Amino acid sequence: MGKVVVAAIGAAAVVTAVALILHRRRRMGDMPNWVRAMDIVTEFEEKCGTPIGKLRQVADAMVVEMFAGLASENGSRVKMLISYVDNVCNQIFNRNRNEDGLFYALDLGGTNFRVLRVQLDAGGGSIKNLEFTEVAIPPELMVGTSDALFGYIAAELANFVAQEGKGFYLSYGRERELGFTFSFPVMQTSINSGTLIKWTKGFSINDAFGQDVVAALTRALKKQGLSMHVTALANDTVGTLAGGRFLNRDVVAAVILGTGTNAAYVERADAIPKWHGPPPRSGEMVINMEWGNFHSEHLPLTDYDHALDFESLNRGEQIFEKMISGMYLGEIVRRVLCRMAEEAAFFFETVPPKLQIPFILRTPDMSAMHHDTSPDLRVVGTKLKDILEISNVSLKKSKVIVKLCDIVATRGARLAAAGIFGILKKVGRHASENGKNQKTVIAMDGGLYEHYTRFGSCLENTLKDLVGDEVWQYISIQHANDGSGIGAALLAASHSRYLEASET
Ligand code: BGC
């Protein structure tokens with residue numbers, strides 16, 4: 001019996017020893033892969049670094065480009081487009097003016113478009129009623145023809161107008177008026193005309209280049225039999241600025257952080273050498289910066305960014321946007337993970353097929369993983385399984401994935417803060433004036449800012465570091481929910497063709 005026990009113990013010891021060796025071997029075998037994977041992450045983190053000194057250089061480079069873009073039409077990659085909105089202070093906000101009535105807005109610029117109707121209070125300058133609807137743009141229309149895109153939009157708009165009911169009324173004898181938010185770079189020739197410079201954010205409709213987008217929309221509205229006059233054309237940043245200023249006169253700039261990114265701000269007309277039109281009565285002009293196209297040697301670009309750009313529909317363009325905006329952040333994370341899978345067998349011996357599909361990892365999913373606070377990182381596990389069909393990822397690896405999300409989001413948010421700091425420098429709101437600083441509000445909109453909480457808070461903390469505690473007391477960032485659509489309706493109201501008639 002004793003012998004049996006001894007033999008059993010001996011056998012158990014052998015089994016344990018063998019298991020230990022196998023385990024150690026497996027670990028030894030894994031080790032180079034794990035080390036390689038961590039090398040990739042460390043190298044990426046270093047290259048994405050945005051120390052405060054670098055951010056100041058980025059902000060200064062932005063200011064240089066702003067001056068160059070204002071000096072001449074092709075002076076800079078940052079186009080600094082004239083918006084023809086030259087009286088945000090006086091025109092929209094003069095509450096005594098009779099800007100009552102019904103106004104429509106169309107907000108086109110991402111994967112969805114929105115149509116709104118707004119009933120303004122007579123003379124009161126307030127919004128009495130508002131209704132809107134949101135419609136997804138079928139992906140094929142984003143790369144089809146101009147007629148197909150505008151035809152689709154006009155049909156949806158006609159449906160929406162047909163549902164106009166209680167609480168909305170058009171003054172007798174008037175045609176409906178529309179503010180058109182078109183969130184792509186447009187060279188405006190007046191408040192309601194302008195030609196498309198280029199597409200961004202995954203749109204690519206060749207026959208639209210150089211076309212007047214208001215004329216294209218007007219043709220499509222006519223085809224639908226819809227009687228509506230396009231009164232104002234505005235970028236989403238300009239609409240957000242107008243909408244933001246409607247609520248708060250201290251708004252000096254608007255920033256969009258969504259599928260794409262961009263900023264607009266109020267500039268002194270005499271600081272715009274390329275403006276040859278009549279001097280605006282207000283002495284000011286809103287500038288649509290198109291900062292997404294900013295580029296500088298100070299930008300912390302990595303191989304992943306270069307590859308993403310190379311394979312994009314707009315190679316060499318929108319480099320700042322490709323580091324910051326919602327369309328690209330998830331894709332950057334995917335590219336790093338893909339390299340880890342290829343070179344360090346991060347998931348399995350082979351690269352998971354789904355991981356190789358460009359843009360499969362969307363920024364909202366990246367955000368959900370980044371915000372996962374569960375002890376076992378359950379959300380990360382679910383996202384990997386549902387989106388990439390990768391199961392049973394260890395906690396250790398899940399933590400690495402969260403870290404990647406953090407690196408990418410932090411870089412984007414800090415760069416966006418540097419861009420805003422550049423604007424503050426340009427308009428002289430960045431430095432202390434011994435307690436005499438003016439209040440400065442930045443209206444902010446876009447899904448990335450609204451939903452990616454860590455991105456938004458990192459941006460604010462970074463901006464605070466850049467301006468310093470004293471100036472920070474005078475600065476605030478305000479979420480301008482739906483600002484661009486409402487802003488476009490307000491711009492339509494303030495540029496209504498019935499205004500002059502009623503004033504003369
Ligand atoms: C466009 C801008 C727009 C921004 C935010 C960019 O891709 O070029 O015009 O304001 O996206 O929507």
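Biologist: Is E131 buried, partly exposed or exposed?
Modeller: Partly exposed, at 34% relative accessibility. Keep in mind that this is a predicted model.

Biologist: OK, and which side chain does E131 meet in a salt bridge?
Modeller: That of R117, at 2.9 Å, N to O. R117 sits in strand 3 and E131 in strand 4, so the pair ties together parts 14 residues apart in sequence.

Biologist: And R117, buried or exposed?
Modeller: Buried, with a relative accessible area of 1%.

Biologist: How many salt bridges turn up in the whole structure?
Modeller: A search finds 22.

Biologist: Which residues are linked with R335 in a network of them?
Modeller: E311, E331 and R334 are linked with R335 that way. The E311 and R335 side chains meet at 2.8 Å, N to O. E311 is in the loop between helix 6 and helix 7, while R335 is in helix 8, so that bridge ties together parts 24 residues apart in sequence.

Biologist: What about E331 and R335, how are they placed in helix 8?
Modeller: They're 4 residues apart, which means about one helical turn separates them. Their side chains form a salt bridge at 2.9 Å, N to O. Both residues are buried, whereas E311 is exposed at 54% relative accessible area.

Biologist: Switching topic: where does S325 lie?
Modeller: In the loop between helix 7 and helix 8. S325 is buried, at 0% relative accessible area.

Biologist: What does S325 touch, leaving out residues up to four places away in sequence?
Modeller: G258, T259, G260, T261 and L448.

How values were computed. Residues numbered from 1 in each chain as written. Predicted model: local features only at pLDDT ≥ 70, side-chain atom pairs only at ≥ 80, totals over all residues. Heavy atoms only, no water. Helix = DSSP H or I, 4+ residues; strand = E, 2+ residues; numbered from the N terminus. Buried < 20%, exposed > 50% of the residue type's maximum accessible area, 1.4 Å probe, protein only. Contact = heavy atoms within 4.5 Å. Salt bridge = Lys/Arg side-chain N within 4 Å of Asp/Glu carboxyl O.
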